[in-house]
Structures are given as C-alpha cells and as structure tokens.
Amino acid sequence: MNHSHSKALFARAQERIPGGVNSPVRAFRGVGGDPVFFREATGAWMTDVDGNRYVDLVGSWGPLILGHAYPPIVEALIEAARRGTTYGAPAPGEVELAELLCATVPSVEKVRLVSSGTEATVAAIRLARGFTGRDFILKFEGCFHGAGDPFLVKAGSGVETLGLPDSPGVPAALAKLTLTAPYNDLEAVERLFAEKGKEIACAIIEPVVGNMGVLVPKPGYLQGLQELCRKHGVLFVLDEVMTGFRLARGGAQELFGLKPDLSTFAKVVGGGMPLGAYGGRRDIMSKIAPEGPVYQSGTLSGNPVAVAAGLACLKALAAPGTYARLEQLGAMLEQGLKAEAQAAGVPVTLNRVGSMLTLFFCDTPVYDYASAKKADTARFGRFFHAMLNEGVYLPPSQFEAAFVSLAIGEAEVAHILAAARKAFRSLA
Ligand SMILES: Cc1ncc(COP(=O)(O)O)c(C=O)c1O
Ligand SMILES: N[C@H](C=O)CCC(=O)O
C-alpha cells in the first residue's frame, strides 16, 4: 500500500501539533510506524488520503455503532445546523434527549448533557464528592475514564500504551485521593473499604473494560461491587461511556442487572458528535447547580446539532433486532479470528462482549491489568500492520477495544477474516 500522502501530512502535522495528533492514541506509538490520515468514510469503510480503503473496526473509538455517515444522522445534522449551530440557551431537543435517556436507563432519573466523556466523568466525581462530603475516590487499575486529573492514576488506554499511567502534571496531593484496586477482585475492595470506606465518595468503574483491551467482569463481580458500595455509603458510578447503548439499549447496567447511583455516557449517545451526559439518582443530581451547590457548566452543553445527531442515533438503535445483530456479528468475528489464529499456530486470547472485542497476543486468560500486560505488544504491532496492509483498520494499540458496527455485513466479515488468515500466517 502506498501511504505517501499520509506520511507527508504527518510530517507537517508534527511541526504544529504535539506528536502530530490531537489525541495520543491516534499516533501509532503502540504499533510503530506513522498514522494513516483519512479523507472520507461511509458505512463500514474508510478511505485514506492515498486512496486506500479499509474496513473500520475502530468506529471513532466507539461512537459509530451505525457506521460512518449514517444517512438519518447526516440528515438530522444538516437540518439542525440550518436552524442555528448553537443558542447558548435551552432548546426542545435537550428535553427530548434527557427524557429518552431516563426512559431507556431506569437508574437515571435526572441527567445533565455535556460535550465529552471526560467532562461527564469529571463532573460525576465532583458531584459524588459534593454529595457525600468525602474526598477519596476508588478507580480500578487500567480503567480509563478520560483525561481528567482524578483519573490519571494507573490509567489505561493511551496512557498505558505510552507507558505514562501516572501522568506528570497531576499534583501528588490530588493523585493521593484516587485509590485503586485490581479489576475483578472483590476481596481487594473489601479490604480497602474496611480500612477507608467512610472517606470514599465513590467507586467508578468501566463495567466491561475497553481501555486495557476488552476485559469481561467475572460472574457476580459487578453486583458484588455494587453491594459493597451500598454497605459503606460509597456511591457506585458506572462509566458507560463505551458500553452505554452499545452492549444493550440500557447499557451494561441492563445486561448485568445493576442500579448505579450515577452513570456517565458519551460516544454512542452523541451519534458521532461531541456529546456526553451524566445522570442518576434524583436526590444526587439535584445537588447540581443551579438546583444545588455543586458547580458544573459548559458553553456548548446540549448543543442542538450534537443533540440532533444523538437523538437520530438512539432512535435508529431502537429498531427491533439491533442488539441481536451486533451479537451475531461479534460472534462471527470471534469464531473466525480464533479459527484463523489456531490454524496458523498463533496463541491468542480473545475477549468479547457483544460488539466490543480484543485479540490479546498471549495464551493466558486476561481478566485484569496485570494479566493484560502479559500480552506480546510487539507481536500485536506486527499483526496490526499486516491487517492494515490487507485493508482492515484495527485500534492501533493492544490495550484498546475493537468496535463492530451495524454497517458491517457478511462481505466485510469475510474481508476481515481473509485478511486475518494472511496476517496470522505472516506471524507464525
Ligand atoms: C470508559 C471511558 N470513559 C471516559 C472516556 C472519556 O471520553 P472522551 O474521550 O469523550 O472525553 C473514555 C474515552 O476516552 C472512555 O473510554
Ligand atoms: N480509549 C480511548 C477512549 O475510549 C480512545 C480515544 C482517545 O483517547 O482518543
């Protein structure tokens, strides 16, 4: 494949943009080589600036569950933009989206719209602290909740890929307020709560992890965590930025029968536009200004164009069979990829829940941060480039989830598996 235009753009970009990218995970540091620059995308396919085409398994890191340039979303965007791109004042779509969110996710009784997942998680933590009067928070090793200061402690995603899980710039005094425990280990939480439970405002977790690659919760783990939180007066915060509207219409909380005190959303809920949300129990959400004293605001919060895209996306996902189809596509890829790896004699562990999956290059189970780090990242890098060369765009890091969209059909599945056959053989 010729990537000369991408290479030229990357050289220019590095002069004016740190690392040449506007979010670190895009820079290919986890797989080596230079990032590909894209000029357009429709459905399941993206076209780069050199004219190469790829089946997309990144989906802009999760939002594009319906594929690229999904016509009803594009139409809703155009129609909304014609009526003005922002008012800085309330508009009907915000009420409709808030009502839809509350109706779909029963634990959410009130919701505030923001512009990204990071804004949603930062606000949820502030609210948890304001509501409980406690300063400590608990997060789980390798989970990523965006680039807010409280979360850059043993964080996953790009910070893990770049080897910076505790970022400089976060004051030590603040980082000390973020306690951590291994994912999938209830006893560790029990010990921590026994010692410090009364000082902990909330536990925030990715219910199904996507940010150290996909990790599946052990049976009873999330329910047990919810119970422990209740017992110690610690608010249970589900970060559904990746899982919301993706794993089920009501998110991971519907799938696992949970009732968090607060939840955070972004990605799918914005239909590919910058939109996030946090919401939960009425008594807690009522502490948010102007109803209560906990401050949070945003010039573009509830932006009418983003809201129109979000509404169009959530309405499309309400079609019967949506989540069964995503499960079917995910299962086809899981079975096919495992079969191709086995045929080539390449040991892998494939973790999947619905339309989120990760192929780890190791032969041991991956269920927490330590086990994820056993994966052979150099081998993943070679596999990534072999797939890229065959026209499949995977997340450029071992520690990220691949996302399946509804735009993928049987032809794209066949394309991915044919590429994987060649890629696995090139590793053997
Ligand atoms: C689980 C999770 N929470 C929060 C975030 C932050 O979202 P955003 O990138 O929209 O700020 C991300 C992704 O970055 C995420 O995957
Ligand atoms: N894993 C991250 C969020 O989900 C990837 C997106 C980013 O950091 O740019």
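## Exercise 1: A serine and its surroundings

In this predicted model, Ser-371 has a relative accessible area of 3% and is therefore buried.

**Task.** State in which helix Ser-371 is found, and which side chain makes a polar contact with the side chain of Ser-371.

**Solution.** 
1. Ser-371 belongs to helix 13, which covers residues 369-372.
2. The side chain of Ser-371 makes a polar contact with that of Asp-368, at 2.7 Å.

## Exercise 2: Two aromatic pairs

A pair of aromatic rings is described by the distance of the centres and the angle of the planes. A search of the whole structure gives 11 aromatic pairs.

**Task.** Classify the pair formed by Phe-10 and Phe-37, and then the pair formed by Tyr-54 and Tyr-393.

**Solution.** 
1. For Phe-10 and Phe-37, the ring centres are 6.4 Å apart and the planes stand at 55°.
2. Planes under 30 degrees apart count as stacked and those over 60 as edge-to-face, with the rest tilted; because the angle here is 55°, the pair of Phe-10 and Phe-37 is tilted.
3. The two residues come from distant parts of the chain: Phe-10 lies in helix 1 (residues 4-16), while Phe-37 lies in the loop between helix 1 and strand 1 (38-42), 27 residues apart.
4. Buried means under 20% relative accessible area. Phe-10, at 6%, therefore counts as buried, whereas Phe-37, at 22%, is partly exposed.
5. For Tyr-54 and Tyr-393, the centres are 6.3 Å apart and the planes stand at 65°, so this pair is edge-to-face.
6. Tyr-54 is in strand 3 (residues 53-56) and Tyr-393 is in strand 13 (residues 392-393), so the pair ties together parts 339 residues apart in sequence. Both Tyr-54 and Tyr-393 are buried.

## Exercise 3: A ring cluster and charges over rings

**Task.** Which residues do ring pairs link into a cluster, and over which rings do the charged ends of Lys-196 and Lys-218 sit?

**Solution.** 
1. Phe-361, Phe-380, Phe-383 and Phe-424 are linked into a cluster by ring pairs.
2. The charged end of Lys-196 sits over the ring of Phe-136, at 4.3 Å from the ring centre.
3. The charged end of Lys-218 sits over the ring of Tyr-367, at 4.8 Å from the ring centre.

## Exercise 4: The two ligands

**Task.** Describe the shell of ligand 1 and that of ligand 2, name polar side chains that approach each ligand, and state how much of each ligand the protein buries.

**Solution.** 
1. The shell around ligand 1 comprises three nonpolar, six polar and three charged residues. Among them are Ser-116, Phe-144, His-145 and Glu-206.
2. A polar side-chain atom of Asp-239 lies 2.6 Å from a nitrogen atom of ligand 1.
3. Taken alone, ligand 1 exposes 380 Å², of which the protein buries 82%.
4. The shell around ligand 2 has three nonpolar, three polar and two charged residues, including Val-25, Trp-61 and Glu-400.
5. An oxygen atom of ligand 2 is 2.5 Å from a side-chain N or O atom of Ser-23. A nitrogen atom of ligand 2 is 2.6 Å from a side-chain N or O atom of Asn-211, and a polar side-chain atom of Lys-267 lies 2.7 Å from an oxygen atom of ligand 2.
6. Taken alone, ligand 2 exposes 280 Å², of which the protein buries 84%.

Terms used. Residues numbered from 1 in each chain as written. Chains lettered and ligands numbered in written order. Predicted model: local features only at pLDDT ≥ 70, side-chain atom pairs only at ≥ 80, totals over all residues. Heavy atoms only, no water. Phe/Tyr/Trp six-rings, centres within 6.5 Å; stacked < 30°, edge-to-face > 60°. Helix = DSSP H or I, 4+ residues; strand = E, 2+ residues; numbered from the N terminus. Buried < 20%, exposed > 50% of the residue type's maximum accessible area, 1.4 Å probe, protein only. Lys NZ or Arg CZ within 6 Å of the ring centre and 35° of its normal. Near = heavy atom within 4 Å. Polar contact = N/O pair within 3.5 Å; in protein donor to acceptor, adjacent residues only side chain to side chain. Areas by Shrake-Rupley, 256 points an atom, 1.4 Å probe, with all protein chains shown as cover. Nonpolar A, V, L, I, M, F, W, Y, C, P; charged D, E, K, R; others polar.
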